[in-house]
Amino acid sequence: MISACLLGQRVRFDGAAAQVEDELLTRWIEEGRLVAICPEVSGGLPVPRPSAELRGGSGADALDGRSLVVTASNTDVSEHFLAGARAALELAQRHRIRVAVLKDRSPSCGSLQIYDGSFTRTRIGGEGVTAALLRRSGIRVFSEAELPAAAAALAELESALSGAAPRR
């Protein structure tokens, strides 16, 4: 699974893409391995839309009702983010996906960093709502900066499925 914006789809909050050009992605596209999703759009939010950040915790906290996803005008958009996370998980289960490459720093897809909820562009360690739900469900989540690690995880899974010893 991959964040749609990383493939050049203009689904980000500002109507832009965050396309990544990489040999691994090119190969995975050619092999038909990628299933793209924008959890925020799948959760019912438009493009463009107001930017949003997690306030009061991480994506895991939002899943547990302990934090919110809000816009700078303090509009609670948590339900859209939760619905998008559920849509991503359903898609992953339908396609038997075990590895996801998601857009870091997103309140949905961030896997290493998110913004702190102050709308000052302050980054903190943490994960978005979709990344948290996918991880809880056993899916390995990587950022766009971790493509080699995602490829290694994929190779390890393929080796395990074929019964061969994993390559080192």
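Trainee: Which residues are linked with Arg27 in a network of salt bridges?
Mentor: A salt bridge here is a side-chain nitrogen of Lys or Arg within 4 Å of a carboxyl oxygen of Asp or Glu. This is a predicted model, in which local features need pLDDT of at least 70 and side-chain atom pairs count only at pLDDT 80 or more, while totals for chains, interfaces and linings use all residues. Residues are numbered from 1 along each chain as its sequence is written, and side-chain values use heavy atoms, with hydrogens and water left out. The network links Arg27 with Glu31, Arg33 and Glu158.

Trainee: Are the partners Arg49 and Glu40 buried or exposed?
Mentor: These two residues form a salt bridge whose closest N and O atoms are 2.9 Å apart. Buried means under 20% relative accessible area, exposed over 50%, and partly exposed in between, with a 1.4 Å probe and protein chains only. Arg49 has a relative accessible area of 8% and Glu40 one of 9%, so both are buried.

Trainee: How many residues apart in sequence are the parts that Glu144 and Lys103 tie together?
Mentor: The side chains of Glu144 and Lys103 meet in a salt bridge of 2.8 Å, N to O. Glu144 lies in the loop between strand E8 (140-143) and helix H6, and Lys103 in the loop between E5 and E6, so the pair ties together parts of the chain that are separated in sequence. Helices (H or I, at least four residues) and strands (E, at least two) are DSSP runs, numbered from the N terminus. The separation in residues is 41.

Trainee: Why do the buried residues of helix H1 line one face of the helix?
Mentor: The buried residues of H1 (residues 23-30) are Leu24, Leu25 and Trp28. Seen down the axis of H1, the directions from the axis to their C-beta atoms fall within a limited arc, so these residues line one face. On the other side of H1, Glu23 and Glu30 are exposed. The arc is within 95°.

Trainee: Which elements do the buried residues of H1 pack against?
Mentor: Contact means heavy atoms within 4.5 Å. By that criterion, the buried residues of H1 pack against strand E1 (2-3), strand E5 (99-102) and helix H6 (147-162).

Trainee: Which residue's side-chain oxygen reaches the backbone nitrogen of Leu24 at the start of H1?
Mentor: A polar contact is a pair of N or O atoms within 3.5 Å; within protein, one must be able to donate a hydrogen and the other to accept it, and residues adjacent in sequence count only if both atoms are side-chain atoms. The oxygen comes to within 2.8 Å of that nitrogen, and its residue is Asp22.

Trainee: Where is Arg121, which has a positive phi although it is not a glycine?
Mentor: Most residues other than glycine have a negative phi, and most peptide bonds are trans. Arg121 has a phi of about 65° and counts as exposed at 61% relative accessibility. Its place is in the loop between strand E6 (113-115) and strand E7 (123-125).

Trainee: What is the omega of the cis peptide bond from Val47 to Pro48?
Mentor: Pro48 has its place in the loop between helix H2 (39-42) and strand E3 (52-55). The omega of this cis bond is near -5°.
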